[in-house]
Amino acid sequence: MRGEEGRFQYTIKDVKITELNLTSDLRFQPDVGLLFEVQNSSITLNFQRRILYWLFYDEGAINASAEGVNIFTVLHLTKDQEGRLKISNVTCDASIAKMRARFSGTLGRVYDLIGAFLTTGMRFLLNKQICPALNHAALVLVNQLLETIPVRTEVDSYVGIDYSLLSDPVVTETSLDMDFRGMFYNLKNENEVLVNYAMNPIVREYDRMIYLALSEFFFDSGLFSYFKGGLQKQLLLNSFQMPKDLEMLLRTTYLGTIMMLNPALMEHPLSLELEVTSPPRSTIKTSGANVAVSCNVKVLVLPPGKPAVQLSSMTMEGKFNAKVSMKGKRLAIHLDLRRFKIYSNQSALESLALIPLQGPLKTMLQISVVPLINNYIKRGVQIPLPDGIDFIEEVVEYHNGYIIVGANLHFRTGLREIIERKPAIVTVNMNSIL
């Protein structure tokens with residue numbers, strides 16, 4: 001701060017806060033915003049002064065302390081046009097009850113004699129600076145941090161996810177509720193999305209700092225997008241290797257068919273071709289979550305240098321238990337094949353003949369296909385939080401139609417450090433409702 005009038009110059013520089021003792025409270029003010037209140041706190045700071053008046057020159061340090069600091073701030077939250085969280089306005093009121101100062105330097109003792117007069121002016125100026133500083137921090141710095149949040153981001157080479165807000169945040173007496181779209185989409189055709197018929201999640205817990213409510217639509221949109229993107233087909237092509245005992249069993253089962261078609265085919269290898277015929281679907285109940293998958297299975301003979309010969313076509317239905325977990329900042333799923341059945345598309349009699357194949361086919365899937373799928377999906381989906389903030393003490397609860405993930409937040413660095421860095425993504429809740 002510098003003043004100049006004629007040949008009188010005074011300068012205050014190198015202002016440093018050396019001690020900050022705040023008694024703060026963060027509360028929710030219904031239909032208004034977040035209320036941040038500081039009561040009866042103190043601030044200790046020092047800065048350098050310099051005065052030049054004609055031939056008179058003086059410089060030194062000022063050690064000041066403010067007591068009875070009270071700040072009342074309300075942050076008004078909204079969403080911008082792209083669906084990002086934004087602070088739209090700040091209501092602020094601040095006051096300092098008492099201020100003291102000690103002066104050093106050439107005329108330090110002279111300043112001490114008139115300290116009451118000087119500190120009164122300093123207290124007046126500081127009172128005028130608190131709210132503008134808070135307004136700048138919220139409307140500029142924090143909003144700049146929020147603007148770096150990608151509302152649509154790629155998960156991998158197949159799908160992306162939409163994190164945009166559906167409506168303005170709602171502040172109640174006990175919580176800040178934000179409804180995010182929480183929808184996956186196919187990168188090849190972003191407009192081809194699943195229609196949401198899932199129920200709206202209901203959060204009644206208050207033991208954790210943050211709760212993510214994920215409906216069946218969240219998972220179904222991911223399964224739908226991966227299906228449209230061709231991931232299931234690629235995984236099956238990369239994972240399928242027929243065991244020798246299963247090939248022998250298939251050869252025995254379809255011996256009559258081979259002999260009727262061409263006995264020479266007996267010398268050629270057999271193969272199974274699996275194809276997911278429709279997008280898998282998830283079901284969430286209080287007992288857990290599962291994923292249902294339907295496949296078409298073709299039994300083929302592979303004569304060298306010639307087109308494959310189809311011996312049979314059957315339908316395979318599998319049901320996987322899905323265990324949802326939160327680790328760090330990633331939401332992951334682990335699948336376990338529980339139910340499995342195959343039946344013929346041609347006749348009930350052939351379905352009876354396929355019963356001996358169910359056990360070996362299930363074993364083959366558990367050994368070769370399921371581990372490859374789990375290895376791919378174990379990376380999970382990153383829940384957007386900036387560097388310096390982590391989830392801890394995570395807990396997953398299953399409800400009819402949705403999952404609630406509760407966690408506390410651990411701040412490894414302060415807000416200032418987070419803003420000064422190149423930040424990542426910030427979120428508070430994700431209710432997957434559309």
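## Exercises on charged pairs, packing and backbone

Arg 181, at 22% relative accessibility, is classed as partly exposed; buried means under 20% relative accessible area, exposed over 50%, and partly exposed in between (1.4 Å probe, protein chains only). The model is predicted: local features need pLDDT of at least 70 and side-chain atom pairs count only at pLDDT 80 or more, while totals for chains, interfaces and linings use all residues. Residues are numbered from 1 along each chain as its sequence is written, and side-chain values use heavy atoms, with hydrogens and water left out.

**Exercise 1.** Describe the overall make-up of the protein.

*Solution.* 
Step 1. The secondary structure comprises nine helices and 20 strands. Helices (H or I, at least four residues) and strands (E, at least two) are DSSP runs, numbered from the N terminus.
Step 2. Of the 434 residues, 43% are buried.
Step 3. Among contacts with a separation of 6 or more, 66% come from residues 24 or more positions apart; contact here means heavy atoms within 4.5 Å.

**Exercise 2.** Characterise the salt bridges of Lys 228 and Arg 84.

*Solution.* 
Step 1. Lys 228 pairs with Glu 192, with 3.5 Å between the closest N and O atoms. Distant parts of the chain are joined here, 36 residues apart, with Lys 228 in helix α3 (residues 216-229) and Glu 192 in the loop between β11 and β12 (210-215).
Step 2. Lys 228 is partly exposed at 36% relative accessibility, and Glu 192 is partly exposed at 28%.
Step 3. Arg 84 bridges to Glu 82 at 2.2 Å, N to O. Arg 84 is buried at 16% relative accessible area, while Glu 82 is partly exposed at 48%.
Step 4. The count for the model comes to 10 salt bridges.

**Exercise 3.** Which side chains make polar contacts with the side chain of Glu 37?

*Solution.* 
Step 1. A polar contact is a pair of N or O atoms within 3.5 Å; within protein, one must be able to donate a hydrogen and the other to accept it, and residues adjacent in sequence count only if both atoms are side-chain atoms.
Step 2. Glu 37 is in strand β4 (residues 33-53) and is buried, at 14% relative accessible area.
Step 3. The partners are the side chains of Arg 27, at 3.1 Å, and Gln 39, at 2.8 Å.

**Exercise 4.** Determine how helices α5 and α8 are arranged.

*Solution.* 
Step 1. The axes of α5 (residues 244-253) and α8 (residues 355-377) come within 10 Å and cross at roughly 155°. This makes α5 roughly antiparallel to α8, since angles under 35 degrees count as roughly parallel, over 145 as roughly antiparallel, 65 to 115 as roughly perpendicular and the rest as oblique.
Step 2. Axes are lines fitted to C-alpha atoms, for helices over the stretch in contact, and angles run from 0 to 180 degrees between N-to-C directions.
Step 3. The crossing of α5 past α8 is left-handed, that is, the near helix is turned anticlockwise from the far one by less than a right angle (clockwise would be right-handed).

**Exercise 5.** Examine the positive phi values of Asp 31 and Glu 393.

*Solution.* 
Step 1. Most residues other than glycine have a negative phi.
Step 2. Asp 31 has a positive phi near 60°; Asp 31 is in the loop between β3 (24-29) and β4 and is exposed, at 72% relative accessible area.
Step 3. Glu 393 has a positive phi of about 55°; Glu 393 lies in strand β19 (residues 389-399) and is partly exposed at 48% relative accessibility.

How values were computed
A salt bridge is a side-chain nitrogen of Lys or Arg within 4 Å of a carboxyl oxygen of Asp or Glu.
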